[in-house]
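Subject: Structure for you to look at

Hello,

Here is the structure I promised to pass on. Please open it alongside this note.

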Amino acid sequence: MERNEKRYYITTYGCQMNIHESEKLAGILTSLGYKPSENELNADIIVFNTCCIRENAENTADGNIGALKKLKKNKKDLIIAVGGCMTQQVGYAEKLHQKFPFIDIIFGTHNLENFKALLETKLKQKRTLIEVLEKEGEIVEGTPKTRTSYPNAWVNITYGCNNFCTYCIVPYVRGRERSRMLNDIVNECKELVAEGYKEITLLGQNVNSYGKDLGVDFADLISEISKIEGKFRLRYMTNHPKDLNEKLIIALSKSDKACRSIHLPIQAGSNRILKLMNRKYDRESYFEKVEMLRKYMPDIAITTDIMVGFPTETEQDFLDTVDVLKKVGFAGAFTFVYSKREGTPAAKMDGQIDESVSKKRIMHLIDLQNQINRNQSKQYIGKVVEVLCEGYDEKKDMYLGRDTYGRMLYFNGEQSDIGNFVNVKVEKTGGISLVGQKV
Ligand code: SAH
Ligand code: SF4
Ligand code: F3S
């Protein structure tokens, strides 16, 4: 079949930052006349936007790239591009090129905005184009975006990270922390609200340190965005307990846009492990932050990230983590088994933990958190909550959305509800999620 339209297909791994960066890649491709393809087979360009936060993220990407060898063989004009955090690691691009010589373009996180020029150059030459910059550059504004998560819109506020938690690869593949100008962010938010987006999620590895390089802070940004007229929700992630302060908590509590939920990763409950992780807070100060949040916003839902199996973690250290889970009553916890990342300080630490021990520990945490969530869900029954309808779940044949606390609800809706706020009466719980009827 002859068609003159070129199509793209993007596979994204990793965090919200990467999801948003894929929207920029899609925007660049759209500006070049490409249309989205529903699958890889019909695409003229396939882009992998990769992640390397844990080993399994890397392995999955590797496997999926490798699987394209045959497709590329049968379709000579197909362009395969690989970028993101995995390729940004020192020496990785060359390794990837050797392993999969059929890849056409390999780029890193620091030159994503330059993808248009990369693609144009590649189209003029036969050999693989490898361009991974060693250092981050200035923030690039104005990159086109093809957004894919309506009614939510992702908005970058900082790039990079200065924290160097000893287990984490992010500072090495994303460069130093830099903040976007406050006005650029506020203007983007204004445009999004005018376009009909009902939820804005501000993105940064540590949103609480926003503006340090500009002489403003995150509380100022929250206050400014909250002044934008119109009904929309404001979310932000991720928070770092060491930088969460009272000024910000007050700004959040005063904002009629900021949701009553916060993602505040604790990582571990043992002070000894927190120190080894270089997290720069202890469990006592974490509890203080939780208390402060609840003083100003008694109903706030707190979610977290937790890691098990960090080098030297003893059973007692793990029990300290269990204890935090019980004491805080998180609305949700993402749990991870520590994964050794080459080049990070923790990779060289003695006392790496056996995987079987870590697996047992993570199962225990998951069970405990599920139990906590089930109990919280029961409290919802009979209540009416305001939900921002995000879409339709084919399997469940129900519409879905979240409340201000970030809780997922399924309900009997209609197509026109998508992108609107609807009131839902909760009738039953489906584990962590809730099921109800529109009222
Ligand atoms: N900037 C965010 C986290 C980004 S990574 C923050 O500081 O909270 C998301 C989560 O992945 C982290 O919170 C951590 O729990 C987990 N993670 C990071 N590196 C990891 C590693 N090497 N092994 C396992 N989990 C890891
Ligand atoms: Fe990684 Fe720590 Fe930075 Fe988060 S704050 S991205 S965990 S180094
Ligand atoms: Fe995100 Fe993975 Fe990179 S979690 S910042 S895509 S390493």
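My findings follow, grouped by site.

Bear in mind that this is a predicted model.

**Ligand 1**

Start with the ligand. A polar side-chain atom of R54 sits 3.1 Å from an oxygen atom of ligand 1. R279 also brings a polar side-chain atom to an oxygen atom of ligand 1, at 3.4 Å. Y167 uses its backbone instead: an N or O atom there lies 3.0 Å from a nitrogen atom of ligand 1. Taken alone, ligand 1 exposes 540 Å², and the protein buries 90% of that.

**Helix α2**

Helix α2 covers residues 55-66, twelve in number. From first C-alpha to last it reaches 17 Å, close to the 16 Å expected at 1.5 Å a residue. Its buried residues are A57, E58, A61, D62 and I65. They lie on the same side of α2, because they cover an arc of only 130° around the axis.

**Helix α10**

Next is α10, which spans residues 246-254. At its start, a side-chain oxygen of N245 reaches to within 3.4 Å of the backbone nitrogen of K247. The buried residues of α10 are L248, I249, A251, L252 and S253. Their cover includes α9 (218-226), β11 (233-237) and α12 (283-296).

E246 belongs to this helix. Its relative accessible area is 33%, so E246 counts as partly exposed. Beyond residues up to four places away in sequence, E246 touches M292, K295 and Y296. With Y296 there is a side-chain to side-chain polar contact at 2.4 Å.

**Helix α13**

T321 is found in α13 (residues 315-328). It has 3% relative accessibility and therefore counts as buried. Leaving aside neighbours within four places in sequence, T321 is in contact with A268, G269, S270, I306 and L365.

**Backbone points to check**

Which backbone features stand out? Most residues other than glycine have a negative phi, and most peptide bonds are trans.

- Y150 and P151 are joined by a cis peptide bond, with omega about 10°. P151 lies in the loop between β6 (129-131) and β7 (152-156).
- The bond from M237 to T238 is also cis, with omega near 5°. T238 is in the loop between β11 and α10.
- K280 has a positive phi, near 70°. It sits in the loop between α11 (271-276) and α12, and is exposed at a relative accessible area of 51%.
- T312 has a positive phi, near 75°. Its loop runs between β13 and α13, and T312 is partly exposed at 28%.

Best wishes

Definitions and conventions
Residues numbered from 1 in each chain as written. Chains lettered and ligands numbered in written order. Predicted model: local features only at pLDDT ≥ 70, side-chain atom pairs only at ≥ 80, totals over all residues. Heavy atoms only, no water. Helix = DSSP H or I, 4+ residues; strand = E, 2+ residues; numbered from the N terminus. Expected span 1.5 Å × (residues − 1). Buried < 20%, exposed > 50% of the residue type's maximum accessible area, 1.4 Å probe, protein only. Arc of directions from axis to C-beta. Polar contact = N/O pair within 3.5 Å; in protein donor to acceptor, adjacent residues only side chain to side chain. Areas by Shrake-Rupley, 256 points an atom, 1.4 Å probe, with all protein chains shown as cover. Contact = heavy atoms within 4.5 Å.
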